[in-house]
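Thanks, everyone. I'll keep this short.

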Amino acid sequence: MNADDLEESLIDFYALRVPDESEVLWRADFHRAWELYALANEASEPGHSAVLRDQARTLQERWEADPDVARHWFDLAEIRESWIYEPEQMQRAADEYLMPNGRQPSGMRDELWRSLLQARAMTGHGPWLAPESESASTTADIANDVDDPFIARYADRVADESEVLWRADFARAMDHYDRGFDEDASLLPQARAIEAQWSTDPAVGPQWRELTEIHDAWIHAPDAMKQAHEVFMPGGLQPPGMSDTRWSSHMQAREMTGHGAWPGHEPTYSTDVSERHEPMTDTTAHDQADKFTTESDAEQLMRHDFTHWAAVRHGRAEDDYDPADSVDQDEWSRTWLNHAEDRWLDEWVTLQGTYLDYRDDPGAAESKRSQLGDTLGPVEARSWDQARELGVNGISRNDWGLLTSDYVTRLPYERADEIRAQQRTLADVRREQAAERSGQDRAADTEPESQSPAIERVPVLSADYARYTPAIPVPSFGASVAARTSALAGYTAQGNALATAMERQDERAGADR
């Protein structure tokens, strides 16, 4: 993402909420510092990570050294940490005396009040809404904004206009979390603000949380949810006694996670899988390929390895068990399950789950793809093509037992080894992080106590504050949402890739903290 764009969007955000221009700047920089630290933790290149950390550290040290701002900065940091590590206690305090009924208590300083609002909004526990515009549109006007793709999607599914808005915003928030983690981190504050606005709304909050639970259930327990729907809502029929709002939440969550279309809005194009589907063979020699038309070197290698992985047990009965199979499959999946970039773990999990779907029930798999439609990204779409090719058409070998699939033959053995050697592993990242921390410790040992008599360091307020600094950020909620939606939503609970993906997320969280 562009750091200048992030800075500009944050300044605009706080300029609507803070009257003092200087306060706008330091509050935007506080938010920006944490976003930069989070981006640094997710950066795949050590050099880029170091640049982002330096930018964040510069912002932090600048305001901590300002005598007029330092106290406010530390107050905001401590409140933010309290919301992260003691959310229930903070919520009770907010309800009872910090912000009863969302109002500023008499006698509380304006700066402290705004810090409470900012920390709560940054951590996703409540909204910090901008003052209403004099020319604000009505709910009906907004709900009929057909130029907004999220609103347009639900305007013809839901009758109530306010319900259209919060359902559209739920889909928008999930989209922003997903893309914010993978593409543009400036979307993450927007997603958190959307979620905080509706989840704390007295009227909508319970319905929003119910939709969230149903959405998560489809992601984490798709088989159980599918069975429940077949029993209680066959064909998407609304059961007697179930409210329209609850039924709509079930349909929305099922549709968003790719497990079934909203009744009355099914795809109209053919889902025939009888014809043979040829794999994509357009290639490029550079890893920085046009992601919309060609495959990168890493993607070609992943498809090469997956074809070998799938071929290990191809044509064998389920009860025909050979302990060597696990060893062979681990060999072919190791590069991707231990890749330094989570996106390749996600792509492998998606490809594996989709292949198993096509292998076990091609018709259902093709129906699911039709429902996803244009929501698939270019790499994910090619994974569906490969899964269909291998799952429907099978995996053939020549007279010498060698695979004849284009996914294998297009990549010579020597070239595959060369590309594999270029892939960074999670172990590489840990070694680099350890080396970076070691270098920082050595630099701290040799750094003079004061580099400038004009700048005095503000003392640390508590041991807890010393333990939780922007240099040791808490993993963002966006990261977990993106991992669930982009990698695990379509997985069918076969094999161990799901467990591996979740373990990797836990490892990431532990490493970041």
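Which residues form one aromatic cluster here? They are Phe306, Trp309, Trp348 and Tyr355. One caution before I go on: this is a predicted model.

Let's take the rings pair by pair. The search of the whole structure gives 11 aromatic pairs. Start with Phe306 and Tyr355. Their ring centres lie 5.5 Å apart, and the planes meet at 80 degrees, so this pair is edge-to-face. It links distant parts of the chain. Phe306 sits in helix α14 and Tyr355 in helix α16, 49 residues apart. Both Phe306 and Tyr355 are buried.

Now Trp309 and Trp348. Here the centres are 6.4 Å apart, with the planes at 80 degrees, so this pair is edge-to-face too. Again, distant parts of the chain are linked: Trp309 is in helix α14, Trp348 is in helix α16, and 39 residues separate them. Are these two buried or exposed? Trp309 has a relative accessible area of 10%, under the 20% cut-off, so Trp309 is buried. Trp348 is at 0%, and is buried as well.

Next, the surroundings of Tyr355.

On to the core. The largest nonpolar core has 30 residues. Which of them touch the most other members? Phe306, Trp348, Tyr355 and Ile395 do. Several helices each supply at least two residues: α14, α15, α16, α17, α18 and α20. Helix α16 gives the most, with 8 residues. As background, nonpolar side chains tend to be buried together in soluble globular proteins.

Thr335 lies in helix α15, which spans residues 323-337. Why does Thr335 count as buried? Because its relative accessibility is 15%, and the cut-off for buried is under 20%. Its side chain makes a polar contact of 3.2 Å with the side chain of Arg420. Beyond neighbours within four places in sequence, Thr335 is in contact with Asp305, Arg420 and Gln423.

Last item: charges over rings. The charged end of Arg80 sits over the ring of Trp34, 3.7 Å from the ring centre. Arg343 lies over the face of Trp344, with 4.2 Å to the ring centre.

To recap, Phe306, Trp309, Trp348 and Tyr355 make one aromatic cluster. Phe306, Trp348 and Tyr355 are also among the residues that touch the most other members of the largest nonpolar core. Happy to take questions.

Definitions and conventions
Residues are numbered from 1 along each chain as its sequence is written. This is a predicted model: local features need pLDDT of at least 70, side-chain atom pairs count only at pLDDT 80 or more; totals for chains, interfaces and linings use all residues. Side-chain values use heavy atoms; hydrogens and water are left out. Helices (H or I, at least four residues) and strands (E, at least two) are DSSP runs, numbered from the N terminus. Buried means under 20% relative accessible area, exposed over 50%, partly exposed in between (1.4 Å probe, protein chains only). A polar contact is a pair of N or O atoms within 3.5 Å; within protein, one must be able to donate a hydrogen and the other to accept it, and residues adjacent in sequence count only if both atoms are side-chain atoms. Contact means heavy atoms within 4.5 Å. A nonpolar core is a set of buried Ala, Val, Leu, Ile, Met, Phe, Trp, Tyr and Cys residues joined through side-chain atoms within 4.5 Å. Rings of Phe, Tyr and Trp (its six-membered ring) pair if their centres lie within 6.5 Å; planes under 30 degrees apart count as stacked, over 60 as edge-to-face and the rest as tilted. A charge sits over a ring if NZ of Lys or CZ of Arg is within 6 Å of the ring centre and within 35 degrees of the ring normal.
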